[in-house]
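Definitions are given where a term is first used.

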Number of protein chains: 4
Amino acid sequence: MITVLKHGVTKQQRDQLIEWFEEQGLGVHISEGQYQTVLGLIGDTSRVDEELVASLEMVDSVKRISEPFKKANRKFHPENTVIRVGDVTIGDGSMVMIAGPCSVESEEQILEVASRVKAAGAGLLRGGAFKPRTSPYDFQGMRAEGIELLLEAKKATGLPIVTEIMSAAHLPLFEDVDIIQVGARSMQNFELLKELGKLHKPILLKRGLANTLKELLMSAEYIMAGGNEQVILCERGIRTYETFTRNTLDLSAVPALRELSHLPIIVDPSHATGIARMVEPMALAATAAGADGLIIEVHNNPPKALCDGAQSLTPDQFAQVAEKVRKVHAALQ
Amino acid sequence: MITVLKHGVTKQQRDQLIEWFEEQGLGVHISEGQYQTVLGLIGDTSRVDEELVASLEMVDSVKRISEPFKKANRKFHPENTVIRVGDVTIGDGSMVMIAGPCSVESEEQILEVASRVKAAGAGLLRGGAFKPRTSPYDFQGMRAEGIELLLEAKKATGLPIVTEIMSAAHLPLFEDVDIIQVGARSMQNFELLKELGKLHKPILLKRGLANTLKELLMSAEYIMAGGNEQVILCERGIRTYETFTRNTLDLSAVPALRELSHLPIIVDPSHATGIARMVEPMALAATAAGADGLIIEVHNNPPKALCDGAQSLTPDQFAQVAEKVRKVHAALQ
Amino acid sequence: MITVLKHGVTKQQRDQLIEWFEEQGLGVHISEGQYQTVLGLIGDTSRVDEELVASLEMVDSVKRISEPFKKANRKFHPENTVIRVGDVTIGDGSMVMIAGPCSVESEEQILEVASRVKAAGAGLLRGGAFKPRTSPYDFQGMRAEGIELLLEAKKATGLPIVTEIMSAAHLPLFEDVDIIQVGARSMQNFELLKELGKLHKPILLKRGLANTLKELLMSAEYIMAGGNEQVILCERGIRTYETFTRNTLDLSAVPALRELSHLPIIVDPSHATGIARMVEPMALAATAAGADGLIIEVHNNPPKALCDGAQSLTPDQFAQVAEKVRKVHAALQ
Amino acid sequence: MITVLKHGVTKQQRDQLIEWFEEQGLGVHISEGQYQTVLGLIGDTSRVDEELVASLEMVDSVKRISEPFKKANRKFHPENTVIRVGDVTIGDGSMVMIAGPCSVESEEQILEVASRVKAAGAGLLRGGAFKPRTSPYDFQGMRAEGIELLLEAKKATGLPIVTEIMSAAHLPLFEDVDIIQVGARSMQNFELLKELGKLHKPILLKRGLANTLKELLMSAEYIMAGGNEQVILCERGIRTYETFTRNTLDLSAVPALRELSHLPIIVDPSHATGIARMVEPMALAATAAGADGLIIEVHNNPPKALCDGAQSLTPDQFAQVAEKVRKVHAALQ
């Protein structure tokens, strides 16, 4: 960590600060510039409060040199993390497709979608049982019953299942779920992340609508710090001023996260754009950008879906997207 | 709700859509323009899925005319909601100041800060017991012990207390807390909001970093829909590209929320700016913009605070801010 | 255009408004809902001031149904516009690569880069002569001399050239330039756009850092309204809160602009990310998303470039990117 | 400037970089940390290309310590700059009000508005002659004729005038204009800024919709570097995801710019919100935040204004706002 002092700081003030750093077990290296003095802190600065130091009257600015995430950091784990769920591997250079409806609506629906997406090449089935809805008057998901139907679909098709959790209180219902999804709005539900850190089950962690990539990695770190190192990162669009799409899919997140972390990265073009006809180009773009997987909404009858119909593909459309995704993926091997 | 059809839609397609709307109990008024046909839906459209309709091939665009929040809506409740906590009223035209440390750190600290902010005119004491921290390695708050210390401070000074909840599982600890705060990161923790809707206690609901005012009101609606209509809205800065301040305080939120809702509105200049020396001008600006109250971080020894020291005032600085706030408030009566 | 009246508007007020619309040559269709009355305007509403109507006391909201851009609009020109420059075509389903240094620095530099990028498959040469720099103390480009060197490189290699204009006063220098680039900061320099509308030369129009896609199309409309319909749209990253990349490349702009407009669309991964090692994944992603071309910074000696060295590829790196771009493009034919 | 090297950089690589810095006339101070080596550059680093250095393979990150703006920087000019126009002073602790219509529309209109705003306490008259409009089909202003009418209004009332320039080519028409305004869209029209730097006339420089405060100061620096040090900074709202207001007024810009620079700061609540009824609360808030002035749109007949009627006050409404602004300003003396 580097601390830049303001011009005109007295030697006495400076020495007090140095002493305070040293009390925290840090070495301090002084570099005097023409206009400003810079203190370089040596040692474990991960517990130094950057904003606190920056707030001191005598301090001009502070810069943290080493990132505050450790377990998610590629620097300390150069090899890619590969996650295995059933026969599926995520993060080993293959391209996994996770598909299914926004919401589980009925046995018939989930069974049909599951078999159709499996036939089209999906490796996992997704489906919402607990639904975060902006309005309290909107359909909130089938909840426990929805999870049971997903498990039925898993039994019928053999596809492992991914579904979202909204509260640690529901964890008992998720025992047989293969991958637990943390939605964008829960990315910084730290109490939930801590509970998930105690599990031995992969967590699909979605980036919040206004969260930086480093914050996403800090949230992964919360889970990993508890002992659960099976985290899958998911880019699903961020909020900007553009209104044509629901959110702005930030595909540079893929190479950026690849550089910063060893964790697998998947992309959700359905929620990012909110528009079914934009799922294909964005799925292809994510593949070309190097994503490890895609999570795509598929509904057997989109215009009647109970939520997010606008962004769901039909099974036939999904099969077409999957086919093209494989072509792009193959072209880059 | 208005549905604009694309140019070239056939009469048959149009009739199918109209039939579908009518099945949902809605009246449909057809308006044919030179280029486009517009369907006006008559009746209770609050359960029609706007995005679903927009996703239909034949539909050009959809516009919802009436807001989907009811209980928080000024249209249906023209009178301001006034919340009473002990001797303090919020929302009646007075200006309430909520002050205290970011984190409760020790008995000595909270007692001293409490008595100092009371002397300076604060009406409520704030203090963090459960702390949402970006890093799992940062101080997470004194938790249950922190709440006990706040209650002690309440007993000593008579100030009602405000503190943040991070999980519904902690609710038993909040029984004697006067106002429960929902932090920005929890604004869309819908499962938590539902639980808070069952209480008979005011909830201070902070706007999320990337949430619109209408989303804030929808979150208030979640609490109110459960039966708890004592919600206080709080603007605390939104995330933009500007980096000088931690967030961008959106003071136009004050008159905007005033127009849209009858709920009291308070402003948090400490978290919004993240810089102690900017708290005063922003507190004064919020007062002039018409806020019902302010929530300000005060620490007896800012540079040693365990979190957010950068944005805390000393008790003396707070007293000065409070004095000026009263002047601005008085000037506008 | 649809105008929604507030609840409680009197018939007299309504009739006055209708009369005012009719004075402007519009037909008005009245649709009375249970709570609100909606006026549908029939005729040419392109000159009605939407914000003005919205400002009226009796008006709740206004929605424009037809976009205010005509010449750039795919609705009125379903066929793709194809632009021809020398032997190169842009917008016909092929993938064109525009490459070259951020700044023209010397005869030797531009000649070497030009021949290298040509060999690697670039169809056009780019190079900055007039440079928009944030600081007045930074290198401002070789200006007139830079354009002369580009023309020399064109003569030597046969590559048509693309270079940025910053002021209509410099137009005489651009007579032999093949494509004139309008930079992100000039996207709404309307006086400049009007002058470019008088030319018979393709204009490469970059999206501003905080401009919506519809605003980009309105700026294209400025040029086209003057008679010059050869406009190429360019996505080059927008400003968000994310700080890892310089800007956030919005690749959903590609399918969105494709739907809204018939103009060719190219993507600039160099400026969008500001990081050389992210150019390849983003170039591939743009190709997969359906872009008509790429504009990529290439420098013969990146670490000594006078500007934006951080984002320049070496000619060898560019050749590798170009090769992979062709693979992805071919895979999707 | 501080350059942090990556872990594992060899001594030879490091020495090459140091040599390269020294060739540029800089001293280099080496600080070896446990994990990383930091180079502190001593001397005039204002011409070192930060992004270029950051792009080097061996470099982890770069941090500029001293801001790249000099003439606009309070560090080097601790005293406030006070600008005098006629009898009006801006920046001396007084509160100046600049008022007038969005567009000059007719002699009658501008004369009436001018006399009315003068009576209400405005110190300067504003009015648009050249109008930057998003659509080429919208009213573009009365241009030269509009400036003549403003000069007539100045003659009639004695109020100095402020009006926007869109191209340096129009400068001859601005000879008798008292303050030349640079609009948000022109903030980085660097060729225009350079021309304005040659004048002896105050420039009112508006912040761009997506520009940081430091970029605003760099644009001020462009003007000042040319010799014209009379620059007035103007906050007028930035673009965010919030849609209720047209832009988000960033009032923390006021104390932030006050700290960073010695130049006067004014606030434009009309364009920021785009809603007439929000002008008063935001004008009061700006005053309380410490602004030196306000620029407010006033129209004698708002609903018929040719542009931006939604945000214009009537003269009576303006008089009321001005009265309250004076009260808040007085309360804080």
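Buried area is taken as the accessible area (1.4 Å probe) that two parts lose on being put together, summed over both. I worked on a predicted model, in which local features need pLDDT of at least 70 and side-chain atom pairs count only at pLDDT 80 or more, whereas totals for chains, interfaces and linings use all residues. Residues are numbered from 1 along each chain as its sequence is written, chains are lettered from A and ligands numbered from 1 in the order in which they are written, and side-chain values use heavy atoms, with hydrogens and water left out.

**Entry 1: the interface of chains A and B**

I looked up the area first. Chain A and chain B bury about 3,900 Å² between them, and 51% of this lies on carbon and sulfur atoms. On the chain A side, the most area is lost to chain B by Tyr137(A), Glu191(A) and Arg239(A), together 17% of what that side buries. I then noted the contact (heavy atoms within 4.5 Å), to which chain A and chain B give 46 residues each.

**Entry 2: polar pairs across it**

I applied the salt-bridge rule (a side-chain nitrogen of Lys or Arg within 4 Å of a carboxyl oxygen of Asp or Glu) and found 4 salt bridges across the interface of chain A and chain B. I also noted the salt bridge that joins the side chains of Arg239(A) and Glu215(B), at 2.6 Å from N to O.

**Entry 3: the cavities**

I define a cavity on a 1 Å grid over the protein atoms alone, as a set of points where a 1.4 Å probe fits but cannot get out; lining residues have an atom within 4 Å of a point. A volume is the space filled by probe spheres set on the points, which are joined across faces, edges and corners. I counted 6 cavities of 30 Å³ or more.

The largest cavity holds about 330 Å³. Its lining has 20 residues, and Leu209(A), Asn211(A), Ala184(B), Leu209(B) and Asn211(B) lie nearest the centre. I sorted residues by class (Ala, Val, Leu, Ile, Met, Phe, Trp, Tyr, Cys and Pro nonpolar; Asp, Glu, Lys and Arg charged; the others, Gly among them, polar). For the largest cavity this gave 8 nonpolar, 6 polar and 6 charged residues.

The second largest cavity holds about 150 Å³. Of its 17 lining residues, Arg239(B), Thr240(B), Arg239(C), Thr240(C) and Arg239(D) are the closest to the centre. I recorded 9 nonpolar, 4 polar and 4 charged residues in the lining of this second largest cavity.

How values were computed: 1 Å grid on protein atoms, 1.4 Å probe; cavity = no way out; pocket = protein on both sides within 12 Å on 5 of 7 lines; lining within 4 Å.
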